[in-house]
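This briefing goes through one protein model by topic. The structure comes first, and the notes follow.

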Amino acid sequence: MLACESLQAQNRRGRGSSSSPLSRDALEGLLPGSETVTLQEPSVAGGLGYRAVKRTFDICASAVALVVLAIPMFVVSARIRHESPGPAFYSQDRVGLGGKTYKMYKFRSMTVDAESGGPRWSTTDDARVTPYGRKLRDTHFDEVPQFWNV
């Protein structure tokens, strides 16, 4: 009921779409009436030993990937620097588990001043994406530096 009223209020203020994708009856059918919905806190599967083994595996696999991909990463970095001025890597602060912030690293696939007008979502034919950056995105190789964050 509250979700229906919230959607209607957003529509009146112009923040939502002109019509809800679900009718009021459909929303009321999905919501448990006036009861409070309680969600359980998700838990990590496995005990302490499992998590320690998994973390060790993740670190070792990432280290191996970084060593194996070191030469291709160097070539990609050089190509990015050759194609457009600026750094080869892009970093951004992200929020991880427990609200801890960390730096996310990727190969730069856009022009250096891509966010000069403020951050915005990229589109399919975004003019800010460099030609080589498009290839990196298509193959997802721009994501490889994220092995460093493991």
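T101 counts as exposed because its relative accessibility is 54%, where exposed means over 50% relative accessible area, buried under 20% and partly exposed in between (1.4 Å probe, protein chains only). The model is a predicted one, in which local features need pLDDT of at least 70, side-chain atom pairs count only at pLDDT 80 or more, and totals for chains, interfaces and linings use all residues. Residues are numbered from 1 along each chain as its sequence is written, and side-chain values use heavy atoms, with hydrogens and water left out.

**T101**
- T101 lies in strand β2; helices (H or I, at least four residues) and strands (E, at least two) are DSSP runs, numbered from the N terminus.
- Not counting residues up to four places away in sequence, T101 touches R94 and V95, contact being heavy atoms within 4.5 Å.

**Overall make-up**
- The protein has 5 helices and 2 strands, and from the N terminus on its elements run α-α-α-α-β-β-α.
- Of the 150 residues in the protein, 19% are buried.
- Contacts between residues at least 6 apart in sequence include 46% that join residues at least 24 apart.
- The protein has an accessible surface of about 11,500 Å², and 61% of this belongs to carbon and sulfur atoms; accessible areas come from the Shrake-Rupley method with a 1.4 Å probe, and for residues only the protein chains shown count as cover.

**Nonpolar core**
- M73, V76, I80, A88, F107, Y132, L136 and V144 are the 8 residues of the largest nonpolar core, a term for a set of buried Ala, Val, Leu, Ile, Met, Phe, Trp, Tyr and Cys residues joined through side-chain atoms within 4.5 Å.
- At least two residues of this core come from each of α4 (70-83) and α5 (131-139), and α4 gives the largest share, 3 residues.
- Y132 is in contact with V76, R79, I80 and E83, leaving aside its neighbours within four places in sequence.

**Helix α5**
- Y132, G133 and L136 are the buried residues of α5.
- Viewed down the axis of α5, these buried residues fall within an arc of 100°, so they line one face of the helix; the arc is that of the directions from the helix axis to the C-beta atoms.
- An α-helix has 3.6 residues a turn, so residues three or four places apart point the same way.
- The buried residues of α5 pack against α4 and β2 (101-107), while P131 and D138 are exposed on the other side of α5.

**Helices α3 and α4**
- Helix α3 (residues 48-68) packs with α4 at an angle of about 55°, their axes 4 Å apart; axes are lines fitted to C-alpha atoms, for helices over the stretch in contact, and angles run from 0 to 180 degrees between N-to-C directions.
- This makes α3 oblique to α4; angles under 35 degrees count as roughly parallel, over 145 as roughly antiparallel, 65 to 115 as roughly perpendicular and the rest as oblique.
- L66, V67 and V68 of α3 make the contact with A70, P72 and M73 of α4.

**H140**
- H140 follows α5, and its phi is positive, near 65°.
- Most residues other than glycine have a negative phi.
- H140 is exposed, with a relative accessible area of 54%.
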